[in-house]
Amino acid sequence: MSNPDQVLRAEEAPLRPPDAPAGDAYARAGVDISAGNAAVERYREVTSGWRHPSQVGAIGGFSGLFKLPGDETRLLVGSTDGVGTKILIAAAARRYGSVGADLVNHCVNDILVVNATPLFFLDYLAVGKLDPEVAGAVVGGVQAACRAHECALLGGETAEMPGLYRPDHFDLAGTIVGMVDASALPDPREVGEGDAIVGLPSVGLHTNGYSLARALIPEERWATPFPAYAAGATYLDALLAEHPSYYRAVRAIEGAAHVKAMAHITGGGLLENVPRTLPENCKAVFEQSRWNVPPLMTELVGLGDLDEKERYRTFNMGIGYTLIVALADAQKAVDAWPGAAVVGWVERRRAGDPPVVVHPARV
């Protein structure tokens, strides 16, 4: 299953007047993460009365697990997600292929958290008015990313729904299914005090935080040069930077070190994704000086005057994926993949402690 921001798909809410409490810029932009968390708790309530005997675990994880019929030593792993309001930027700019890759890579990362290998993918494209060229470009991006992971694109659904979507708007979602040996599931219960947290760098917003980004950087600024991102680049280039897959990086690190737990840093940022990989008696401590924050996020933090909680709950702030390893394995893990870095550590969590602490650097 997806995380609260993904399950609710609240990021697709339109911008609304700034009626949220002060200090909650994302809510004022139309996305209420707290409501998403409350919705997931409600989902747990309404689904608690019955579960399939082959289902493993409860909803609320990065993906769902199901015993493979006829072979309970292996598990099927499924996850569904979308691209959020990044779609609106891609549609306005008429850049369609990259969001297809964003979708697949996001879903791959979500099942990678439980060590799964992708098997097949299905996409759902909803449009106000079907343009075969646009649809082909979107699905072409999906196919290219599937091929890069040797993951079959089995098919999907294209829905033309005038009245629900404007003629130039569309939405995109996808479902991925993978497989993992039950013995290869990471076990957060192995995580303990003194373990190291290895981070893999993000390249930008990936697929989260776009409702706030659109509020802070309006369309008339998208064509403005943004040299802090790259030579000759614009704000649009930075906003549409592809959500990377961490599949090969994780496999390389697993070949060098024992990985105890992993997290994909999506909606909710470090503050809400990392706790899902920790036992109750542990907390994660990050030092932001150990990694670089992408220029786009530095810009957004300044434009929105975001406090520390807002920035680390809304954006990935430069870390797209985390892996927890024993301190003795930390250097081997870092050496296994360019860009990997030790970004924090695990401490004992005492009564009243938050599950994640970030010691920020100036941004």
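## Exercises on a predicted model

Tyr229 lies in the loop between helix H7 (210-216) and helix H8 (235-239); helices here are DSSP runs (H or I, at least four residues), numbered from the N terminus. This is a predicted model, where local features need pLDDT of at least 70, side-chain atom pairs count only at pLDDT 80 or more, and totals for chains, interfaces and linings use all residues. Residues are numbered from 1 along each chain as its sequence is written, and side-chain values use heavy atoms, leaving out hydrogens and water.

**Exercise 1.** Describe the surroundings of Tyr229.

*Step 1.* Leave aside neighbours within four places in sequence: Tyr229 then contacts Val203, Asp237, Ala238, Ala241 and Pro295 (contact means heavy atoms within 4.5 Å).

*Step 2.* Look at Pro295: 66 residues separate it from Tyr229 in sequence, yet their C-alpha atoms are 5.9 Å apart.

**Exercise 2.** Work out how H5 packs against H9.

*Step 1.* Helix H5 (residues 97-112) and helix H9 (residues 247-254) meet at about 25°, and their axes are 10 Å apart. Axes are lines fitted to C-alpha atoms, for helices over the stretch in contact, and angles run from 0 to 180 degrees between N-to-C directions.

*Step 2.* H5 is therefore roughly parallel to H9, a label for angles under 35 degrees.

*Step 3.* Val108, Asn109 and Leu112 of H5 make the contact with Tyr247, Val250 and Arg251 of H9.

Definitions and conventions:
Helix = DSSP H or I, 4+ residues; strand = E, 2+ residues; numbered from the N terminus. Parallel < 35°, antiparallel > 145°, perpendicular 65-115°, else oblique.
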